[in-house]
Amino acid sequence: MELLILILYILLTITLVRALLSLLRWSKPSPKLPPGPVPLPVIGSLLKLGDKPHKSLAELAKIYGPIMSLKLGQKTVVVISSPALAKEILQKQDLAFSTRFIPNAIHAHGHHKYSTVYLPVADQWRSLRKALNSNIFSGHAKHFVVYN
């Protein structure tokens, strides 16, 4: 019985130490990220968004500026709320921001190799995009068959 209690105390101590270390790791902001609200463990800044996220993001932009970082669960998101900055990033620095996160399910089936959505901007992506523009998105694709 005493051995069981000793084992439980050891497990409790290990759990508390790991939880404290996790909290310390979460509270340190990365020096490369723009400023943003301090995230909570596990849920991040989800509670800051509220029931009207567009208004909450506008209020957060007044506090942290036009570029801010939010932690939404496990993902870190950079929010740009200025139209001029968004134009700068999307037009002039498009290659730096054009990559996307590829889910494990897409990797498992190999769809990331041939999909225009997940391919990086390179020769294969350009040729697939050219084929889509000339065949699918042109006015020549008149007939679509619908199967019930």
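**Exercise 1.** In which helix do Glu59 and Lys62 both lie, and how many residues apart are they?

*Solution.* Keep in mind that this is a predicted model. Start with the location: both Glu59 and Lys62 sit in helix H3. They are three residues apart, about one turn of the helix. Next, check the side chains: they meet in a salt bridge, at 3.4 Å from N to O. Then look at accessibility. Glu59 has 45% relative accessibility, so it counts as partly exposed, while Lys62 is exposed at 65%.

**Exercise 2.** Find out how many salt bridges a search of the whole structure gives, and work through the one that Lys92 forms.

*Solution.* The search turns up two. Lys92 pairs with Glu88, and their closest N and O atoms are 3.8 Å apart. Lys92 is exposed, at 63% relative accessible area, whereas Glu88 is partly exposed, at 33%.

**Exercise 3.** Is Ser45 buried or exposed?

*Solution.* First place it: Ser45 is in the loop between helix H1 (2–27) and helix H2 (46–49). Its relative accessibility is 1%, so Ser45 counts as buried. Now list its contacts: leaving out residues up to four places away in sequence, Ser45 touches Pro37, Pro39, Leu70 and Lys71.

**Exercise 4.** What is the mean pLDDT of the protein chain?

*Solution.* The mean is 82, and 88% of the residues reach 70 or more.

Conventions: Residues are numbered from 1 along each chain as its sequence is written. This is a predicted model: local features need pLDDT of at least 70, side-chain atom pairs count only at pLDDT 80 or more; totals for chains, interfaces and linings use all residues. Side-chain values use heavy atoms; hydrogens and water are left out. Helices (H or I, at least four residues) and strands (E, at least two) are DSSP runs, numbered from the N terminus. Buried means under 20% relative accessible area, exposed over 50%, partly exposed in between (1.4 Å probe, protein chains only). Contact means heavy atoms within 4.5 Å. pLDDT is the predictor's confidence in each residue, from 0 to 100. A salt bridge is a side-chain nitrogen of Lys or Arg within 4 Å of a carboxyl oxygen of Asp or Glu.
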